Amino acid sequence: MSQATIAHVSNNDEQLSEAEMPEVLPILPIDNIVVYPFMIAPIIVGDENSRIMIECALREDRMVGIFTRKENAPMTNQDFEEIYEVGTAAAILKMLKIPDGTMRLLLHGVRRVKITEHISSEPYMKARIEAVEETSSATREIDAIVSRIRPMINEIVQLANMPEDMAVAAANLNEPGKLADLIASNLNLKLSEQQEILEHFDIRARLKRILEIMNRELDKLQLGNQIQQDIQDNLHQNQREYYLREQMKAIQRELGEDEEASPELEEIRERLAEKQLPEYARETAERELSRLEMMPPSSGEYSVVRTYLDWIVDLPWMDSTDDNIDIKHAQKILDEDHYGLERIKERILEHLSVIKIRKELRGPILCFAGPPGVGKTSLGRSIAHATGRKFHRIALGGMHDESEIRGHRRTYIGAMPGRVLKGLKECGSNNPLFMLDEVDKLGQDFRGDPASALLEVLDPEQNFSFTDNYLDMAFDLSKVMFVTTANMLDTIPGPLRDRMEVIQLSGYTIREKTAIAKKYLVPRQISQNGLKSKDLKISDSALEQMIDNYTREAGLRNLERSIGSICRKVARRHVEGDETQVRVNTRNLEDFLGPRQYFSEVADRTGVPGVCTGLAWTPVGGEILFIEAAASRGKGNLILTGQLGDVMKESACAAVSYLKTQSDASNRFLEFLQENDLHIHIPAGATPKDGPSAGIALCTAIASLALNQPIKPLLAMTGEITITGKVLPIGGLKEKVLGAARAGIREIIMPTHNQKDMEDVPVEIRNKIRFHFVDKVPEVARIALPQTQGFDGKRNGSKR
């Protein structure tokens, strides 16, 4: 309630006429209260300027302008901008000086006034004012509103335990405008609402606003009264329980049992009462708490039950963070955090759009698959940032024990929940974003199959009742947003992969890596190594050379390490006293990183007959393979080395069989293969190699050796063959093309059926490399061996 007091106005105390109202008034700013006309309010004045102003007013007509300071305005400022323009002209009834230097005033509000001109601010505020005329219309409507307000006043007085004087004064007040002011001065309103009532010059509008406020306050009071009644009803039950507990304590004291656990039990009971839990979880917790109360603290089972109750109370059963899915905001965050990846970003935004419309997470689990360092985990962080969810990462690599997912049963010593519930406890909400990293590296042994346990976690049809072995109760995971990552998909079990939608992140081009390095990697490494942006400048050409000669990879991790190495060398120079700016370019790059690590081997390796460049897909991106063929006098034996898998061995046999059937009039292939032992070797023998895409490369290498013709330089190829000479489509095209581009390849031969996959290849790569699409092996020979007429004698040609 405000400190304003009701003034019982007599007939001689009517409003002053405009002739009696001074045109210029000293202004007294007040805080946290609004004084209405015809109300009496006690005011305390402490600052020097206000005391001077009061003394001057007492010497003159005792009239002052009372204007309320705006919220958050400084209390000591003499500034017209800090006060409202509408206030109340008031008469000073009494003034009392206090020994501490303050003045106590008793003010009587006279009339609503409005500031029309600022006259002075020193030594106190003075302004020209204008008396405001109150308007009244629609008398019947005003009477109806007043008749509705009067009974509400009595209800509010009773519910709020207000003095009966309030109801008596309201019942004897016949002027509607003054009635509205009386109610506003006695209700606990915000300052802005008090000022709003003062600024309503139309009595009907003022009464309507007061009626709205009274309805709101009455609802709050009724609700509070109902809550208080419920509390009183529960109090009797609590008193009965308290009496029984005291009896139990007395019995325990007689038995000599330890009571040290009582404060702990009370703490658990309080936390349990405050926690929002499903009914079945609350019943289980109360049952376990009752068991705990009957156990002596020295019991071995005591700590087990106590820990179990802590987990029940700490888990976010019904605690959620508010989703803030704004697609434009999400796109902005994705663009800020990640360069390129347009199709991946588009799919993520589509996924978020569906979630926003449906208000639930029904749908496939996103799986980001690609080489290391391409931004899979950081995409998950960006999604969490964009949606306002908490982020938690679970590393699945090398996990063999099913209990890591489902938890241990409480019958075991040291049993704990699985990592899913642990993550929810750490996040404190039941709707975080869980990043399940390296889902392709799950193990399996006698302790169970974690991949099978994940089926229940990730399946939207099951995870609403996920049961952890430790908790032994259903926990709803349907609100959790799961995102997984993988380097390769072949090792993911089929049922688990079926529950995920795979989004491929193949790698970056040199241009994309350069842009990412400039925007993200260089500033981050400069900051992490204690430098400032002005201390180090790396040119674009140096970044490109670093990418090409030092860090050939699909991702960006080695590139960032190389940038960090440069930053550390610059930091050492600063510590040694040399703080001049360092500029890294192509001329001095070796001074920081040493000799180049990678060289273009294509031209050197493929200039002789029998050597062909193939393309391979690996978990860390596309790579080139050199296929070497050599012949020695023998009986047509085939020797395969280089740790080739069964599929590649079969491709080599198919290539030999096909070439035997393609002999011309001189039987050159047949005679060559029958009279010589053929040795096919793929270097890097320590690395296992397999896959159905090396057929045309193996066939071309053998043909090149038989014809004693070198294959066209800077040319690579990929595609499987049949023994009838058809070229079959392959997978991983984008990764292979990016790997070829990194190795300096200028032409690629591939199956015609893979032409549709070229949309995934960046435009700059398509413009840089010439692509040949073939259906049969003779077409490959006419392109790769331009000095011959191929196997069928037709002229050389290709399709772009």
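Biologist: Which residues is S429 in contact with, leaving aside its neighbours within four places in sequence?
Modeller: S429 touches P316, D319, S320, T321, K390 and L424, where contact means heavy atoms within 4.5 Å. This is a predicted model, so local features need pLDDT of at least 70 and side-chain atom pairs 80 or more, while totals for chains, interfaces and linings use all residues. Residues are numbered from 1 along each chain as its sequence is written, and side-chain values use heavy atoms, with hydrogens and water left out.

Biologist: Where does S429 lie?
Modeller: In the loop between α14 (419-427) and β10. Those labels are DSSP runs numbered from the N terminus: helices are H or I with at least four residues, strands are E with at least two.

Biologist: And is S429 buried or exposed?
Modeller: Buried, because its relative accessible area is 1%. Buried is under 20%, exposed is over 50%, and partly exposed is in between, with a 1.4 Å probe and protein chains only.

Biologist: New topic, aromatics. How many aromatic pairs does a search of the whole structure find?
Modeller: Four. Rings of Phe, Tyr and Trp (its six-membered ring) pair if their centres lie within 6.5 Å; planes under 30 degrees apart are stacked, over 60 edge-to-face, and the rest tilted. One of the pairs is Y280 with W317: the centres are 6.3 Å apart and the planes are at 80°, so this pair is edge-to-face.

Biologist: Where do Y280 and W317 sit in the chain?
Modeller: Y280 is in helix α8 (residues 279-294) and W317 is in the loop between α9 (300-314) and α10 (327-337).

Biologist: Which of them is buried and which is partly exposed?
Modeller: W317 is buried, at 8% relative accessibility, whereas Y280 is partly exposed, at 39%.

Biologist: What about F434 and F482?
Modeller: They make an edge-to-face pair too, with 5.8 Å from centre to centre and 85° between the planes. F434 belongs to strand β10 (residues 433-437) and F482 to strand β13 (residues 481-486), 48 residues apart. Both F434 and F482 are buried.

Biologist: Which residues form an aromatic cluster?
Modeller: Y280, W317 and F475 form one.

Biologist: Charges next. Which ring does the charged end of R410 sit over?
Modeller: The ring of Y308, 3.7 Å from its centre. K425 has its charged end over the ring of W311, 4.2 Å from the centre. "Over" means NZ of Lys or CZ of Arg is within 6 Å of the ring centre and within 35 degrees of the ring normal.

Biologist: Jumping to I765: where is it, and what is it in contact with?
Modeller: I765 is in helix α26 (residues 763-768). Beyond its neighbours within four places in sequence, I765 touches T509, V737, L738, A741 and F771. I765 is buried, at 4% relative accessibility. Its C-alpha is 9.7 Å from that of I510, 255 residues apart along the chain.

Biologist: What is phi for N32 and F38?
Modeller: Positive in each: near 65° for N32 and about 65° for F38. N32 is exposed at 67% relative accessibility, whereas F38 is buried at 6%.
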